[in-house]
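Visitor: I'd like to learn how to read a structure feature by feature. Could you walk me through one?

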Amino acid sequence: MPLSHLRQLEAESIHILREVAAEFENPVMLYSIGKDSAVMLHLARKAFYPGKLPFPLLHVDTTWKFREMIAFRDRMASEYGFELLIHTNQDGVAKGISPFAHGSALYTDIMKTEGLKQALDKYQFDAAFGGARRDEEKSRAKERIFSFRSENHRWDPKNQRAELWNLYNARVKKGESIRAFPLSNWTELDVWQYIYRENIPIVPLYFAAVRPVVERDGMLILVDDERLQLQPGEVVQHKSVRFRTLGCYPLTGAVASTATSLPEIIQEMLLTRTSERQGRLIDHDSAGSMEKKKQEGYF
Amino acid sequence: MTAQSALIAEDIRAYLQAQEEQGMLRFITCGSVDDGKSTLIGRLLWDSKLIFEDQLASLEADSKRVGTQGEKIDYALLMDGLQAEREQGITIDVAYRYFATDRRKFIVADTPGHEQYTRNMVTGASNAEVAVILVDARKGILTQTRRHSYLVSLVGIRKVVLTINKMDLVAYSQARFEEILNEYRQFAIPLGFDEIAAIPISALEGDNIISASPHTPWYAGSTLLDYLETVEVTSDAVSRPFRLPVQWVNRPNLDFRGFSGTITSGRVRPGDAVLVATSGRSSRVARIVTFDGDLPEALAGQAVTLTLEDEIDISRGDLLTMAETPPVVADHLEAKLVWLHPDALVPGRSCLLKAGTATVPARVAALQFRVNVNSLAQEPATNLAMNEVGVCTLNLDKPLAFDSYRENRGTGNFILIDRLSNATVAAGMIHQPLLRAAQGWTSRSIDRAARAASLGQKPLILWISGRDAATLAELVEKRLLHLGRQGYWLRPERLDPQADTVTLELLPRLAEIARILNDAGLIVLIAAEGSLSDAARARLGGSDFREILLDAPADATAEFPLQTGDSLERQAEQLVTALCL
């Protein structure tokens, strides 16, 4: 009896996690608090059991995350006892950069991409785990599992190392780094199935509940704090909604849903006809927008 | 998918349970842009309902903007990921696609069909279990079909499915289908596939992709999806000897010392006697530790942590095996290399070899021949350019535990990493250990030839005379260094700080030192104004010696004719290529 697909994916991810921990001097795991991060963290705990994680987790906090995400993050850190680093782009905060005032493109560039680069430079990490999957978006289908980044964190799609078998080239010069993607071969369905099978804790926002939302630009935005100012004509509605993907609350649309359990979420996902990234504003900017962001250093 | 959708809607828990134990198939598609490969994969994703509405909307928009199918949807656009490639209309790298049916999950490696083909295909095929080889029914078996098939067999894929595409354009002719299939079977005999299936399809029209086509009543075999869902790939890795490359020593406290890694092949149980192949140390497995509890047995493919009964020295890079089925341990081996980098392989250059979890300094000692990937002919070669395949011997700085690639894909493969650029320059598949290692390093006799072999060069004394001799000598030394060879320009001032030319008094000592350096395996350069005297020549006895006369009179018979019109740089390159490699 061959290993089931989830067992195979799990083993492959654990192999990648151990390979990075063994080959690099100063790795870090980027922790976005979302479901993919939850799976990646779970796999890392498996990879190094009974030892502790041999690297810290880094959260790039844009200050605009859902409040429930932050609470969840802190609960996980204390329950599991991992080292949590939190970095915020203070220049951006000083300049008052916000997704409302500056638009999603500029805001994402300053608070996420720049914030991430600052943190990587500050701690001199030579490897960073990310939870990206190849099935998420076209430009990611060709991403390597060990993705080489130049000294200024740029990704050059024409200059990536050949990657064969399970042999990953971990050699970097000082200042250069790699991003490692242990979930490369997982699909959205695999992630949900695994969360279900392994009973992995996730942020409650993934489950439907009656929440205050406003409709804006065709998306349902959660009224998460007082910084969301109502525009003329907007009204706060209380609807049963959930989130298929989590990020910064002003940029993340909710979907109307009554799915309050994992099987119901999976059922909804299998019967729906739109892909998960549709709920993200940044992908809509232009064709190939994710690819441009990647070249600049966004995950 | 309809039964599936009903189950999802009615009893999601039952559906999830059924999905839990689903298997997985990794396959590669081989063919050129014109064969309709991207269209085929797009069609598989489309028909298995894996394209979402928002993706469809963007696909429709893209089809109108850059599509090649007129008003129809251009499925190929689903496959072309990067913007630059989309605009050129070709894919240039390996892309991975995912889809699932009721019966299996699929990971598809999609590789382009133009000049970077070998590199990308070998990459995509390295993890694949089955190859889908596309042939255009109008064109039949082409050179590229042979090349694809050879590369697929090279990386150890044993099952291929020949999909004969564009059957609609040959009026769904059974005779044409059989003609192509017969030709393919003949050609593929030496490639040693276990199974060759063949399916007449039209990717554009959807014939025999998901459901049996009404246009091919003469074809009773499975559709492509049926084949992929049912092809037997129970990897035989489990039945091979136990191998576990140690990735990570897990030492959370003084009471626990575990060895973590992914089992490459075989199985292991507590109590089994294990052996560290390179050190010869052995012990027994105490526990198989995982986050989900200790296991009574672990199999190939599982990522586990073993604890042993005895405290023996084991570190990352060691290969855990069993005493009765040990691997080969050697520091000299023969392997097939696929060159992946724009800078060609030149034998002699030092690099890093990564095999399993071990990384060792290594040198490609000699290139035995190049394999023509189109004709499979063995050709003599002095270097290996990108996308070329060759058989080489390699010397390692320390012994490595391995199996031949034929016997064990997971412990017979390696990559070569350039020490300066850190680029992955080659993929290797080990044939066998070589004699030197089998005899052990102490039994080897050392002479000029042995030193030369370890440096990967021909030791030589080059006496260069003429007006520009010194400049040329310097250029030759630089050229040698560039190619990773050991040259030494024996300047007269090294012997006498006052001397700036080779004088008669210096000559005997110079010749003697040149002879010794040559015996050490080096390429020695001497620049002088005049040609060599017979006395000095005698002192060089036993050395391989060449005299280069610059600006020689037209009637002189030079040993090595230099093109007088060429620049000195060019002359240095020619000299090195002709005499030193």
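Visitor: Where is the place of Pro50(A) in chain A?

Guide: In this predicted model, Pro50(A) sits in the loop between helix H2 (35-48) and strand E2 (57-60) of chain A.

Visitor: What kind of peptide bond joins Tyr49(A) and Pro50(A)?

Guide: General idea to begin with: most peptide bonds are trans. Here, Tyr49(A) and Pro50(A) are joined by a cis peptide bond, with omega about 0°.

Visitor: And backbone torsions? Which value does phi of Trp165(A) take?

Guide: As a rule, most residues other than glycine have a negative phi. Trp165(A) isn't a glycine, yet its phi is positive, near 50°. Look for Trp165(A) in the loop between strand E5 (146-149) and strand E6 (177-180) of chain A.

Visitor: Is Trp165(A) buried or exposed?

Guide: Buried means under 20% relative accessible area. Trp165(A) has a relative accessible area of 5%, so it is buried.

Visitor: What about Asn199(A): what is its phi, and where is it found?

Guide: Asn199(A) is not a glycine either, and its phi is positive, about 55°. Asn199(A) belongs to the loop between helix H6 (188-198) and strand E7 (209-216) of chain A. The cut-off for exposed is over 50%, and Asn199(A) counts as exposed because its relative accessibility is 66%.

Visitor: How many bridges pair strand E9 of chain A with E10(A)?

Guide: Strand E9 (residues 237-242) of chain A pairs with E10(A) over 2 bridges, in the antiparallel sense.

Visitor: Now chain B. Which strands pair with E18(B)?

Guide: Take them in turn. Strand E17 (residues 350-355) and strand E18 (residues 358-371) of chain B pair over 6 bridges, antiparallel; Ser350(B) has Arg363(B) in E18(B) as its bridge partner. With strand E20 (residues 389-402) of chain B, E18(B) pairs over 8 bridges, again antiparallel, and there Phe369(B) is partnered by Val391(B) in E20(B). Then strand E19 (residues 378-379) of chain B runs antiparallel to E18(B), joined by 2 bridges; Arg370(B) has Glu379(B) in E19(B) as its bridge partner.

Visitor: Which residues take a positive phi in the hairpins there?

Guide: The hairpin of E17(B) and E18(B) has 2 residues between the strands, and Gly356(B) takes a positive phi near 60°.

Visitor: One more on packing: what is Leu224(B) in contact with?

Guide: Leu224(B) lies in helix H9 (residues 224-230) of chain B. Its relative accessible area is 1%, so Leu224(B) is buried. Leaving aside neighbours within four places in sequence, its contacts include Leu40(B), Leu44(B), Val161(B) and Ile199(B).

Visitor: And is Pro217(B) buried or exposed?

Guide: Pro217(B) counts as exposed because its relative accessibility is 68%. You'll find Pro217(B) in the loop between strand E6 (195-200) and H9 of chain B.

Notes: Residues numbered from 1 in each chain as written. Chains lettered and ligands numbered in written order. Predicted model: local features only at pLDDT ≥ 70, side-chain atom pairs only at ≥ 80, totals over all residues. Heavy atoms only, no water. Pairing = 2+ DSSP bridges. Helix = DSSP H or I, 4+ residues; strand = E, 2+ residues; numbered from the N terminus. Buried < 20%, exposed > 50% of the residue type's maximum accessible area, 1.4 Å probe, protein only. Contact = heavy atoms within 4.5 Å.
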